[in-house]
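Me: I have a chain to go through with you. Can we start with the sheet and then take the helices?

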Amino acid sequence: MKTKIILDENEIPKKWYNIQADFETPLSPPMHPQTGKPVGPSDLEPIFPKELIRQEMCQDRYVDIPGEVRDILTLWRPSPLFRAHNLERVLKTPAKIYYKYEGVSPPGSHKPNTAIAQTYYNMKEGIERIATETGAGQWGSSLAFATQLFGLECKVYMVRGSYDQKPYRKMMMQVWGAECVPSPSPDTNSGRAILAKDPNTPGSLGIAISEAVEDAATHDNTNYALGSVLNHVCLHQTIIGQEAQKQLAMDEATADIVIGSAGGGSNFAGIAFPFVKDNIDKKTETEIIAVEPAACPSLTKGLYVYDFGDVAGLTPMLKMFTLGHDFIPPSIHAGGLRYHGMAPLVSKLHADNLITATSVHQNRVFEAAATFARAEGIIPAPEAAHAIRVVIDKALECKQTGEEKTILFNNTGHGHFDLSSYEAYFAGTLPDYEYPADLIAESLKNLPHVA
Ligand SMILES: *Cc1c(COP(=O)(O)O)cnc(C)c1O
């Protein structure tokens with residue numbers, strides 16, 4: 001009855017898995033925001049290093065992970081796989097529950113898996129400074145950590161609501177030498193325009209992305225980095241699922257159900273894509289479920305169309321499930337899941353019925369988080385707890401039916417900086433936002449037209 005399944009450090013995967021190679025029909029290309037024509041590599045060169053642009057469009061099944069990147073990943077990888085024996089006992093379920101724990105990285109989430117890789121390629125191509133946005137601060141702190149290790153400067157535009165309410169992530173960025181400002185900020189044209197209209201706006205990820213992209217495009221030797229959504233980000237996260245498959249095999253288990261929370265889609269991609277590959281190649285029938293917040297339900301309620309990644313319409317248009325680029329989601333406590341769109345790769349899998357999606361309200365999410373923390377000890381991030389809610393529901397279904405299913409989920413990070421949201425849950429003051437149908441309908445009227 002093993003509880004913790006660990007791999008040796010030389011078993012960190014040597015390649016990332018690129019699911020584009022296994023699509024029956026190609027991914028719809030990104031479109032230029034002004035011309036409406038497919039984006040070419042040269043359109044992206046002002047803000048991304050060449051190697052990441054290559055990976056974004058790459059059709060090879062595997063991409064080598066550079067040795068220097070693997071060396072840094074050994075700081076916390078391979079991450080442990082846990083069997084949640086205590087949670088199983090508490091739930092009295094015949095299901096077997098396993099989770100991959102990504103909270104062991106120094107910033108405390110899965111995001112450094114790509115922050116390290118992205119910073120490495122920027123450093124290799126002579127870039128000296130990276131600008132980015134962050135919602136609740138997990139991505140900003142991950143990039144601050146990575147840029148510090150490689151000696152690059154970092155500027156983070158942090159969604160104002162979180163900047164004011166969640167100071168600890170901002171302090172972490174400061175420790176790792178990054179400059180973090182609340183967004184919208186007076187430092188960019190996009191920020192100034194929004195402040196002029198609404199000086200008290202809490203901001204949004206879409207606004208902060210506009211600021212960071214503008215910063216990168218208007219400063220020499222500065223690039224932009226995104227912590228989710230893009231193909232290369234999903235690619236870098238696939239080490240999670242590859243490790244998990246090895247670890248399950250060491251316990252002589254195979255997953256019947258794989259569950260991940262989905263904000264922009266990257267951690268879900270990371271745990272899920274290697275299992276999707278097996279469903280395609282080996283005809284396994286693993287059920288693969290993305291879980292999103294009911295207040296920001298892009299996969300379950302959005303449209304699969306071209307939309308901008310940001311509010312100002314500066315980014316290429318991506319074909320994805322979207323709620324509209326100017327939709328500002330209600331202030332739920334899982335800041336990392338408040339994004340209007342979904343990764344094109346994850347969106348396509350959903351459109352092709354290779355995965356399923358469901359949405360959950362935050363009070364039931366925190367109930368699951370507390371149950372998990374009391375059984376397993378680890379206090380999960382509210383984002384991760386979205387997956388846990390559905391894991392518990394599935395395990396309880398197994399109790400009804402007597403099925404001994406094996407459930408794997410991605411526990412993406414710890415919730416040590418989210419304790420005030422736990423406090424609000426215990427005090428009974430967390431609202432369950434209704435699905436904001438009117439706001440979404442309004443925002444969907446502003447979708448760009450793509451021929
Ligand atoms: C950012 C974040 C998420 C959601 O982002 P994805 O790109 O959808 O993975 C989930 N969990 C944690 C802990 C995060 O920091």
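Reply: A term to begin with: two strands pair if DSSP finds at least two bridges between them. Helices (H or I, at least four residues) and strands (E, at least two) are DSSP runs, numbered from the N terminus. This is a predicted model, where local features need pLDDT of at least 70, side-chain atom pairs count only at pLDDT 80 or more, and totals for chains, interfaces and linings use all residues. Residues are numbered from 1 along each chain as its sequence is written, and side-chain values use heavy atoms, with hydrogens and water left out.

Me: OK, what is the strand order in the open sheet of four strands?
Reply: The order is β8-β7-β6-β9, and the pairing is parallel.

Me: Which strands stand at the edges?
Reply: β8 (179-183) and β9 (222-224); each has a single partner strand, so one side of each has no neighbour in the sheet. On average, neighbouring strands are turned by 25° against each other, direction ignored.

Me: How many bridges join β6 to β9?
Reply: Three, with β6 covering residues 129-134. Ala 131 is opposite Tyr 224 in β9.

Me: Now helices. What does α6 lie across?
Reply: Helix α6 (residues 138-150) lies across β6 and β7 (153-159), at about 160° to β6. Axes are lines fitted to C-alpha atoms, for helices over the stretch in contact, and angles run from 0 to 180 degrees between N-to-C directions.

Me: And how do the axes of α6 and α8 cross?
Reply: At roughly 10°, coming within 8 Å, with α8 at residues 167-175.

Me: At what angle do α9 and α10 pack?
Reply: About 145°, with axes 7 Å apart; α9 is residues 189-197 and α10 is residues 205-218. Among the residues in that contact are Ile 194 in α9 and Ile 207 in α10.

Me: Switching topic, where is Lys 2 found?
Reply: In the segment before β1 (4-5). Lys 2 touches Arg 83, His 85 and Asp 251, leaving out residues up to four places away in sequence.

Me: What does UniProt place at residues 74-413?
Reply: The unreviewed entry gives "domain: Tryptophan synthase beta chain-like PALP". UniProt positions are in the numbering used here, feature names are shortened, and annotations may be inferred rather than shown by experiment. Over residues 74-413 the chain is 45% helix and 19% strand.

Key
Contact = heavy atoms within 4.5 Å.
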